[in-house]
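Student: Please take me on a close look at one part of this structure, and walk me slowly through how it is put together.

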Amino acid sequence: MKNTPIIALDFATLEEVDQFLDLFNEPLFVKVGMELYLQNGPETINRIKERGHDIFLDLKLHDIPNTVEGALKGLGKLNIDLINVHAAGGKNMMAAGLEGLRETNPNAKLIAVTQLTSTTEQQMKDEQNIQSSINESVVHYAKMAHEAGLDGVVCSPLESNLIQEHIGETFLKVTPGIRLESDMTHDQQRVTTPEDAKKLGSTHIVVGRSITQHEDPVARYHEILQRWEG
């Protein structure tokens, strides 16, 4: 699995995906989310894989253990590299999902969403009725994911160092909420630059609109890649 910035393909159609990927002459690591996958199905994965790219299938599965196990068993057949569930589903759900995925795709990584990067601590307390700090909530979910056998979590870069302290460097910290200084934050709340994410312990970064909506996506991607690796 590549360690290059993961580009979020936040498009609605396969035609838009093809137009975007045609701009690049190199293997990429891309994220296929709900908007794209649910409207276009498994063909989305097949088309992107034929181009030689790694895929993070971002569906955030959250259901009873048996359902998640069956879903991941099926999705594993799509030759994905990374996929996620919601840690809030609990350890039994995560462990069952991992078992299903391993049956059909032993090489794919399974990670768990802790708290969305659009969530503030006040929102978490008011709407989820979790009265700890957001850092405590994220670390708690990360520990649950680790105990369930998962490979890592999705979190904000701001929590990566805490997770690293409690679980270790090899546990994946896949972090959205990456912005450059000139970017708008949009609906993201807990954000950092690529280099700050690296310093904080992120193992992978996810970048969407900063690249896909830029007038020169290839140049912007390479700028972010250089800042991430440098």
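Tutor: Start at Val153, whose bridge partner in strand 7 is Lys173. This is a predicted model: local features need pLDDT of at least 70, side-chain atom pairs count only at pLDDT 80 or more, and totals for chains, interfaces and linings use all residues. Residues are numbered from 1 along each chain as its sequence is written, and side-chain values use heavy atoms, with hydrogens and water left out. Helices (H or I, at least four residues) and strands (E, at least two) are DSSP runs numbered from the N terminus.

Strand 6 (residues 152-154) pairs with strand 7 in the parallel sense over 3 bridges; two strands pair if DSSP finds at least two bridges between them. To get from strand 6 to strand 7, the chain passes through helix 8 (residues 157-167), a right-handed β-α-β crossover. Right-handed means that, with the strands pointing away from the viewer, the path from the first strand over the helix to the second runs clockwise.

Strand 7 also runs parallel to strand 8 (residues 204-207), joined by 2 bridges, and there Thr175 stands opposite Ile205.

Now look at the side chains of strand 7 (residues 172-175). In a regular strand, side chains alternate between the two faces of the sheet. Here Leu172 and Val174 point one way, Lys173 and Thr175 the other, and all are buried, meaning under 20% relative accessible area, where exposed is over 50% and partly exposed lies in between (1.4 Å probe, protein chains only).

Asp58 is buried at 7% relative accessible area, and its side chain makes a polar contact with that of Lys60 (2.9 Å). Such a contact is a pair of N or O atoms within 3.5 Å; within protein, one must be able to donate a hydrogen and the other to accept it, and residues adjacent in sequence count only if both atoms are side-chain atoms.

Asp54 forms a salt bridge with Lys2, their closest N and O atoms being 3.3 Å apart. This pair links distant parts of the chain, with Asp54 in strand 3 and Lys2 in the segment before strand 1 (6-8), 52 residues apart. Asp54 is buried at 11%, whereas Lys2 is partly exposed at 21%. A salt bridge is a side-chain nitrogen of Lys or Arg within 4 Å of a carboxyl oxygen of Asp or Glu, and by this rule the count comes to 14.
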